[in-house]
Amino acid sequence: MMGCMINVKEAVKVATAYFAELFPNAKEVRLEEVEMAEEGPWWDVTVSFEIPAATAMEAILAQRNREYKIIKVNRDSGEPHSIKIRKL
């Protein structure tokens, strides 16, 4: 893909495949948002996934917690660059 900017759909495909490779046991993975970074050649793709209940009470109440990750994908090469925790 060198020299050709990837579109948003391609960036999401790359990011979700990268996420699945790093977190194969993640449950209920969702695409949350995608944006073109203001600086640098990046697509910032945010995904979330369900994390297990931390306490017995959360499990009983069926409270579901989610964690969010931002995956940076290079717009020019289509390669994933980084993944980090997104704080809400």
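Predicted model: local features only at pLDDT ≥ 70, side-chain atom pairs only at ≥ 80, totals over all residues.
Two strands are said to pair if DSSP finds at least two bridges between them.

The open sheet is formed by 4 strands in the order E1-E2-E3-E4, with antiparallel pairing. At its edges stand E1 and E4, the latter covering residues 80–85; each has a single partner strand, so one side of each is left without a neighbour in the sheet. On average, and ignoring direction, neighbouring strands are turned by 25° against each other. Helix H1 packs on this sheet and touches E1, E2, E3 and E4. The direction of H1 makes about 45° with that of E2.

In soluble globular proteins, nonpolar side chains tend to be buried together. Here the largest nonpolar core has 12 residues in all, among them Ile6, Phe19, Trp43, Phe49, Ile71 and Val73. Which elements each supply at least two residues of this core? They are helix H1, residues 8–22, strand E2, residues 42–51, and strand E3, residues 65–74. The largest share, 5 residues, comes from H1.

Leaving aside residues up to four places away in sequence, Ile71 touches Ala15, Tyr18, Phe19, Trp43, Asp44, Val45, Val47, Ser82 and Ile83.

Finally, I come to a loop. Gly40 lies between strand E1, residues 27–36, and E2. Is Gly40 buried, exposed or partly exposed? Its relative accessible area is 37%, and Gly40 is therefore partly exposed, since that class lies between the 20% limit for buried and the 50% limit for exposed residues. Gly40 and Arg75 are 35 residues apart in sequence, while their C-alpha atoms are 9.0 Å apart in space.

Key:
Residues numbered from 1 in each chain as written. Heavy atoms only, no water. Core = buried A, V, L, I, M, F, W, Y, C linked by side-chain atoms within 4.5 Å. Buried < 20%, exposed > 50% of the residue type's maximum accessible area, 1.4 Å probe, protein only. Contact = heavy atoms within 4.5 Å. Axes fitted to C-alpha atoms, helices over the stretch in contact; angles between N-to-C directions.
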